[in-house]
Amino acid sequence: MNSFNRRKFIQVCGGGLALATLPFSLHAASGARVVVIGGGFAGATAAKYLRLFGHDLQVTLVDPATAHVSCVGSNLVLTGETPIGELTKPFAALRDRYGVELVPESAVSIEADIKRVNLASGATLDYEHVILAPGIDFDPIPGHDFNVMPHAWIAGAQTTLLQEQLMAMANDGTFVIAIPKTPFRAHTAPYERATVVADYFRRNKPGAKILILDANAAIAGMSRTFTAAFTGVYRDIVEYVPNVTVTAADALNRRLDFTRDGAASSVTAGVINLIPAQKAGKLLFDSGLVPDGNKFAPVNPLNYESTLAGFSKVHIIGDSQSTGQAKSGHMANSQAKVCVDAILRDLAGLAPDPAPKTTAAAFPPITRRTASWTTVTYSFDAASMSMVASSSAEAPEPTKDVREEEGPGWLINLLSDSFA
């Protein structure tokens, strides 16, 4: 294994070590109930670790699904390399192995003044602490029909629909990827999508092209790596266009209308992957947890508790929070552990850890044989009361070892740590 494997692998895949060294037990919190809403990387990790370290804490996970389909790794579903079943993780393991109570319903609102969760069925759940991890929602684009122009940014049926469209696309067709302005879930993922599909086209659809319409002024994640890929190995397949704002979609004619530098234009294509701008999950807006004019929920990064008045003991983790940290499955997993640590301390009458750290990594495939990597660590800055990127790194170049060993190993570890 190279030096990255030996020195970095546990750092980017680990977590929870702070939980394991908590200097107290929670006997005083016996019977306390924590409700977790949303079973993605954030919610599942939180529910699991609350039970692991919370002794007889009552932990309830609310999610209308019976399993989570991981967005992480899902770009390889599009090319047929990874079956979607490998990324589908049932919540039953959290129940059977850790004693998490599963409630297969949707939560519709939070009444923080009486510490109550309201469910779609009309039932309610009381709590001492509640963790909200609803993931993302989308800002609508006029004319956008997800059944024709899939976003494939919430994995599952949208992923398989985009896969089917790509497989059926003409050998000389064009695939358009429209990327929203930051912040959005997984900044490296749309560019990764372009590289894995470009590799697939080269091997299976000679003559096919990819047009990337990016609302950002430049590549939003791993710019060096993807610039090299688009101008190097895929220069005959990929065209990258920044500063593009999609204004409307015509699903019937598979057309996007957009502006670039003030000039209006449009494009038609056989397959269009239109990724809308993103915001916090609807539950947070309906519960008053997102201030007017904002898209994400403000929280205290020491414990991920809402900073809005009247929302004591309401914690928000994952893609819906607005701390400025990366939005990704790995970051959601990392934030969940900080949040759990803070809740356990609170139930024992202690203050949260004054210096939390969070970590995220990504291992995007670049070709069928190579992949790259990036890592970032955030540390709490007491002066600004915020999380700041204290260290980051990006692979000097894509390699075979990352594609065949490090990347798959990282994903296996992350899925296991969150759902198994």
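Q: Which residues form one aromatic cluster?
A: The cluster is made up of Tyr191, Phe226, Phe230 and Tyr240. The structure is a predicted model, in which local features need pLDDT of at least 70 and side-chain atom pairs count only at pLDDT 80 or more, whereas totals for chains, interfaces and linings use all residues. Residues are numbered from 1 along each chain as its sequence is written, and side-chain values use heavy atoms, with hydrogens and water left out.

Q: How many aromatic pairs does a search of the whole structure find?
A: The search finds eight aromatic pairs. One of them joins Tyr200 and Phe201, whose ring centres are 6.1 Å apart and whose planes are at 50°.

Q: What makes the pair of Tyr200 and Phe201 tilted?
A: Rings of Phe, Tyr and Trp (its six-membered ring) pair if their centres lie within 6.5 Å; planes under 30 degrees apart count as stacked, over 60 as edge-to-face and the rest as tilted. The centres of Tyr200 and Phe201 are 6.1 Å apart and the angle is 50°, so the two rings pair and the pair is tilted. Both residues are buried (under 20% relative accessible area; exposed is over 50% and partly exposed is in between, with a 1.4 Å probe and protein chains only).

Q: Why is the pair of Phe230 and Tyr240 called stacked?
A: The planes of Phe230 and Tyr240 are 25° apart and their centres 6.3 Å apart, and the pair is therefore stacked under the same cut-offs. Phe230 belongs to helix α8 (residues 223-231) and Tyr240 to strand β13 (residues 238-241), so the pair ties together parts that are 10 residues apart in sequence. Helices (H or I, at least four residues) and strands (E, at least two) are DSSP runs, numbered from the N terminus.

Q: How do you know whether Phe230 is buried or exposed?
A: The relative accessibility of Phe230 is 6%, so Phe230 counts as buried. Tyr240 has a relative accessible area of 23% and is therefore partly exposed.

Q: What makes α7 roughly parallel to α8?
A: Two packed helices are described by the angle between their axes and the distance between the axes. Helices α7 and α8 pack at about 30°, with axes 11 Å apart. Axes are lines fitted to C-alpha atoms, for helices over the stretch in contact, and angles run from 0 to 180 degrees between N-to-C directions. Angles under 35 degrees count as roughly parallel, over 145 as roughly antiparallel, 65 to 115 as roughly perpendicular and the rest as oblique. The angle of about 30° therefore makes α7 roughly parallel to α8.

Q: Which residues of α7 and α8 meet?
A: Tyr191, Glu192, Ala194 and Thr195 of α7 meet Phe226, Ala229 and Phe230 of α8, where contact means heavy atoms within 4.5 Å.

Q: Why does Phe258 count as buried?
A: Phe258 has a relative accessible area of 11% and is therefore buried. Phe258 is part of strand β15 (residues 255-260). The C-alpha atoms of Phe258 and Val244 are 6.5 Å apart, while the two residues are 14 residues apart along the chain.

Q: What makes Lys327 lie over the face of Phe296?
A: A charge sits over a ring if NZ of Lys or CZ of Arg is within 6 Å of the ring centre and within 35 degrees of the ring normal. Lys327 is at 4.0 Å from the ring centre of Phe296. The charged end of Lys279 likewise sits over the ring of Phe285, at 5.5 Å from its centre.

Q: What is the phi of Met222?
A: Most residues other than glycine have a negative phi, and most peptide bonds are trans. Met222, which is not glycine, has a positive phi near 55°. At 7% relative accessibility, Met222 counts as buried.

Q: Which residues does a cis peptide bond join?
A: The cis bond is between Thr182 and Pro183, with omega of about 0°. Pro183 lies in the loop between β11 (174-179) and α7.
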